[in-house]
Amino acid sequence: MNIVDLHVHSNASDGTLSPSELVKEAKKAGLLAFALTDHDTVSGVPEAIAAGTACGIEVVPGIEISTCYKDKEIHIVGLFLDYTDKNFVSALGSETDRRKRRNLELVERFNEYGFPANIDEIRSMFPGSIITRAHFASYMVKKGYVKDNAEAFSKYLGQGMPLYVPKELKDPKEAISLIQTAGGVSVLAHPLLYRLTSGELRALCSELKSLGLTGIETMYSTYRGFDELNVRKLAREFGLLESGGSDFHGANKPHISLGNGCGNLCISASYMEALRAESRDFT
């Protein structure tokens, strides 16, 4: 069976492997293809595609966009994007500006709290990356402020903690429209992580479907028991295509492996092909 992974991060956002290193890891894992879905950026896609072409691994151009739905942060994955589309690239530039403002506010909070921080030093630690909270967590570890990234989030950077700065988020309609602008398909990422009731999740799927959502991640690293079956029922109910991925981040999520997640993930290439067929540029 040809196996794929449709949710993967590089060091262009909050992963630890470069796009080229991800291709090598995918080859080692025996994958036919993977989607590079970095947060709010496609900057790693050209490198990944070039490396994939050289060694026979297909790289699906993708992205993961954070949105706000009824005060909940909801993630939308875009797949099969024209990552060179001018309108799409311009909109991502605005998103990058939002993130930069948030990071400057984070630095201010660090210094006010008694953790000396400098944005230029943080950027120099992660050249070429879109700086996220994961990078701030690694910075805290390096400076000796905390023992590991988990402590950084649980005590300081997590929601409701003293150094948490809320994101300026798009609404789901904007995200889905942006993905459509680039000819891609939109997928609701890891729907069970949002801690919604069954009714709330059904309402979310219904609304997103009406906005143009194409798929939902029925397969994900942390699903257990009947989770996969339950999300598949949602997919059938709302006419959504199935997708899935490990959400691989390298050393930032060491318990998750590319392709097989926590050991039980197995995503057939047929799911990828069904999604590809819905994209504008399918040939």
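The following legends describe several close-up views of a predicted model.

Residues are numbered from 1 along each chain as its sequence is written, and side-chain values use heavy atoms, with hydrogens and water left out. In this predicted model, local features need pLDDT of at least 70 and side-chain atom pairs count only at pLDDT 80 or more, while totals for chains, interfaces and linings use all residues.

**Figure 1. The open sheet has eight strands.** Helices (H or I, at least four residues) and strands (E, at least two) are DSSP runs, numbered from the N terminus. The strands follow the order β7-β6-β5-β4-β3-β2-β1-β8, with mixed pairing. Two strands pair if DSSP finds at least two bridges between them. Strands β7 and β8 form the edges, each pairing on one side only. Strand β1 (residues 3–8) is parallel to β2, with three bridges between them. V8 has L36 in β2 as its bridge partner.

**Figure 2. Strand β5 (residues 185–188) is covered on both faces.** In a regular strand the side chains alternate between the two faces of the sheet. V185 and V187 lie on one side of β5, S186 and L188 on the other, and all are buried. Here buried means under 20% relative accessible area, exposed means over 50%, and partly exposed lies in between (1.4 Å probe, protein chains only). Strand β4 (residues 72–79) runs antiparallel to β5 and is joined to β5 by four bridges; V77 has V187 in β5 as its bridge partner. With strand β6 (residues 215–220), β5 pairs in the parallel sense over two bridges, and L188 has I216 in β6 as its bridge partner. A right-handed β-α-β unit is made by β5, helix α8 (residues 198–210) and β6. A crossover is right-handed if, with the strands pointing away from the viewer, the path from the first strand over the helix to the second runs clockwise.

**Figure 3. A salt bridge joins D40 and R99.** Side chains of opposite charge can pair when their charged atoms come close. A salt bridge is a side-chain nitrogen of Lys or Arg within 4 Å of a carboxyl oxygen of Asp or Glu, and the structure holds 12 of these salt bridges. In the pair shown, the closest N and O atoms of D40 and R99 are 2.4 Å apart. D40 lies in the loop between β2 (33–36) and α2 (45–55) and R99 in helix α3 (residues 86–113), so the pair ties together parts that are 59 residues apart in sequence. D40 is buried at 6% relative accessibility, and R99 is buried with a relative accessible area of 11%.

**Figure 4. E58 and R276 meet in a salt bridge.** The N to O distance between their side chains is 2.9 Å. Because E58 lies in strand β3 (residues 58–69) and R276 in helix α10 (residues 269–276), the pair ties together parts that are 218 residues apart in sequence. E58 is partly exposed at 27% relative accessibility, whereas R276 is buried at 17%. A network of salt bridges links E58, E273 and R276.

**Figure 5. Helix α6 (residues 149–157) contains both E151 and K155.** Their side chains form a salt bridge with an N to O distance of 3.1 Å. The two residues are four residues apart, about one turn of the helix. E151 is buried, with a relative accessible area of 15%, and K155 is partly exposed, at 45%.

**Figure 6. Ring pairs link six named residues, F110, Y113, F115, F136, Y145 and Y156, into a cluster.** A pair of aromatic rings is described by the distance of the centres and the angle of the planes. Rings of Phe, Tyr and Trp (its six-membered ring) pair if their centres lie within 6.5 Å; planes under 30 degrees apart count as stacked, over 60 as edge-to-face and the rest as tilted. The whole structure has seven aromatic pairs. The ring centres of Y113 and Y156 are 5.8 Å apart and the planes are at 75°, so the pair is edge-to-face. This pair links distant parts of the chain, with Y113 in helix α3 and Y156 in helix α6, 43 residues apart. Y113 is partly exposed, with a relative accessible area of 45%, while Y156 is buried, at 15%.

**Figure 7. A polar contact joins the side chains of D247 and Y220.** The distance is 2.6 Å. A polar contact is a pair of N or O atoms within 3.5 Å; within protein, one must be able to donate a hydrogen and the other to accept it, and residues adjacent in sequence count only if both atoms are side-chain atoms. D247 is located in the loop between β7 (241–245) and β8 (267–268) and is buried, with a relative accessible area of 4%. Not counting residues up to four places away in sequence, D247 touches H7, H9, E64, H190, Y220, K253 and I256, where contact means heavy atoms within 4.5 Å. Both Y220 and Y223 are buried.
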